[in-house]
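Hi everyone, thanks for coming. Let me put a structure on the screen and walk you through it.

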Amino acid sequence: MPLELQHLTGGYSALPIIQNVNLSLQTGEWLSLVGANGSGKSTLLKLISRLLSPQQGMVLLDGKEIHSQPPNLVAQKLALLPQQQTLPVGLTVRQLVSLGRTPHQPWWQWELTVKDWQKVEAAIKKTQLENYSDRLVEELSGGERQRAFLALALAQEPKVLLLDEPTTYLDINYQLQLLELLKNLNQQQELTIVTVLHELNLAARYSSRIALLKQGQIWEVGTPENVLTSNNIAQVFGVESVIISTPVGLQVCAISSV
């Protein structure tokens, strides 16, 4: 079990946003966290990624508590693609992706090894950025830039990849391109993925399991078929809906506010 949450509680002040969350992921699973605005999705992801320290409970990565481990050791197994990245000025795509090798370098080593550069080039190839590797990151489109930061995360060679609303600000074409790329990585390399997704239908289409969050707690977790019911959507989102079977799986059609 690469990732396990035990009684995880935490937030930004003495009043916790996430409360007593228990969850475990199998190798090669894709879990999506969905819920209404303010339900705690991004806060939970920050607790999992060490950006926030828990008030209670723990996050286990390969059976070891992540908040008690050195950051570079955690970063060798777990990578985060945040919702908003700090855009580097003057860096090419290859230079950006090379930063993903930092967790694997001894503190006294400044230059990347031949093996490191091979990992960088492999990450660029996986994200289909070979023709952009010498371009400045600030010159890329939104979808290309998102793939460049994904390549940076993949260069870490993580077992678990966390993504906070990776399709935000992307048009539908780039959304599908990015999610299909993640699907291939998930299936071909058994990369364990946790996404915060705002769009229910994308979560239903790509996820192995969905965790519905309400007021900082897990309302229900399971396969899209089991979780995405009209009753659950009414309780969690306050929306009357119809669940439709389509060629890409179940999809949610919102009818009206409850």
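What volume does the largest pocket have? About 400 Å³. A pocket here is an open set of points on a 1 Å grid over the protein atoms alone, where a 1.4 Å probe fits, with protein on both sides within 12 Å along at least five of seven lines. Grid points are joined across faces, edges and corners, and the volume is the space filled by probe spheres set on those points.

Before going on, a word on the source: this is a predicted model, where local features need pLDDT of at least 70 and side-chain atom pairs count only at pLDDT 80 or more, while totals for chains, interfaces and linings use all residues. Residues are numbered from 1 along each chain as its sequence is written, and side-chain values use heavy atoms, leaving out hydrogens and water.

Back to the pocket. Its lining has 20 residues, and Ala75, Leu78, Ala79, Leu80 and Gln156 lie nearest the centre; a lining residue has an atom within 4 Å of a point. Strand S6 (78-81) gives the most, four residues. Helices H2 (71-75) and H5 (142-155) each supply at least two. Helices (H or I, at least four residues) and strands (E, at least two) are DSSP runs, numbered from the N terminus.

And the whole protein? How many helices and strands are there? Nine helices and 12 strands. Along its principal axes, the C-alpha trace spans about 55 × 40 × 30 Å. Finally, 46% of the 258 residues count as buried, meaning under 20% relative accessible area with a 1.4 Å probe, protein chains only.

Key: Buried < 20%, exposed > 50% of the residue type's maximum accessible area, 1.4 Å probe, protein only.
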